[in-house]
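Grab your viewer and work through a few packing exercises on this one. Try each task before you read its solution.

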Amino acid sequence: MRIEPYIEKLLYDYNCVVVPGFGAFLAHGKSAEIDLASNTLIPPSKTISFNAQLSKNDGLLVSHIAKEKHLGYEELLQEVEDVGENWKKRLEQGENIDLFGIGKLSMTREHKIQFQPENKINYLTSSFGLSAFAATPIQREVLKEEVEALEEQIPFIITPEKRKESSFRPWLKYAAVILLAVSLGSTSYRAYEKLQQKQVTVQQDAQEEVSRLIQEATFFESAPLELPALNINISKKKLGKHHVIAGAFRIEQNADKKVALLKQKGYNAFYLGVNKFGLHQVAYDSFENPKEALTFLRKVKRTESPDAWMLSEK
């Protein structure tokens, strides 16, 4: 009997899963951190450890398996204890035990069970879809500082030039002034004529607008015709608090294409909106019950896309 899948499933919802007579797998919350050596941002997660001292049956694992397989509790308790005894014998013989999705068990020279967790799976449900990524440091321009430093080193000298005396006679200056005055007078007169014509046109347009308004106001001899009110019922999809996300796109047209493709495959896909990073999110479906959402997420990751993740609203 393989009990690893049941242990893996329980670690998503519980922090302690006991294998009767063998030991307990513990899940510890771990905050997000930055690896300064590689400039990598690591999201929040759950780290898995093993404690051989916690071997007393608490009923969680056996009850879960009995519910999944629709079998009796006492019968399954004996089978789970047999699995634990089998693991102990294999470890004492020097064999390493690989628990898929959980980690690796081995025996030390001091006859103590050593556990190496699987780092590829994040059991923290609120961090689904978040993966570690490298952040490249911003290289800011220092051109301005270099120019200022260069200006301080190189002096800026202005050489004045002597103005040459004009050879024109004084009477030419007066002729230029008279010509300028005549030009200004001619231009002002033309501008005044255009202004007068514009005012006449504006008055005519205003009179025509007033006449049109009077005709519209006197068109109805009685009260205006009132149309009956029209009630339209618009059905809107009621969303739950837990959304199974298919992807996030920078371009909204790509998000619309993803929704259409998922609907062709039979999913209740919809456009969720823009997140705080400016990305357009597309969801496979939405659930009010978190366990139903988690079950659907595992199915999607297994059959459709391993990159799917769950977004839970507070």
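**Exercise 1.** Find the hairpin of β7 and β8, and say which turn residue has a positive phi.

*Solution.* Start with the hairpin: 5 residues sit between β7 and β8, and His111 in the turn has a positive phi of about 60°. Next, check the pairing: strands β7 (residues 103-107) and β8 (residues 113-117) run antiparallel, joined by 5 bridges (strands pair if DSSP finds at least two bridges between them; strands are DSSP E runs of at least two residues, helices H or I runs of at least four, numbered from the N terminus). Finally, look across from Met107: Ile113 in β8 stands opposite.

A word on the model: it is predicted, with local features needing pLDDT of at least 70 and side-chain atom pairs counting only at pLDDT 80 or more, while totals for chains, interfaces and linings use all residues. Residues are numbered from 1 along each chain as its sequence is written, and side-chain values use heavy atoms, leaving out hydrogens and water.

**Exercise 2.** Work out how α1 and α2 cross, and which residues make the contact.

*Solution.* Take the axes of α1 (residues 4-11) and α2 (residues 60-69): they come within 10 Å and cross at roughly 110° (axes are lines fitted to C-alpha atoms, for helices over the stretch in contact, with angles from 0 to 180 degrees between N-to-C directions). So α1 is roughly perpendicular to α2 (65 to 115 degrees; under 35 is roughly parallel, over 145 roughly antiparallel, the rest oblique). Now list the contact (heavy atoms within 4.5 Å): Tyr6, Ile7, Lys9 and Leu10 of α1 meet Leu60, Leu61, His64, Ile65, Glu68 and Lys69 of α2.

**Exercise 3.** Now do the angle and contact residues for α2 and α3.

*Solution.* First the geometry: α2 and α3 (residues 73-92) pack at about 120°, their axes 9 Å apart. That makes α2 oblique to α3. Then the contact: Leu61, Val62, Ser63, Ile65 and Ala66 in α2 against Tyr73, Leu76, Leu77 and Val80 in α3.
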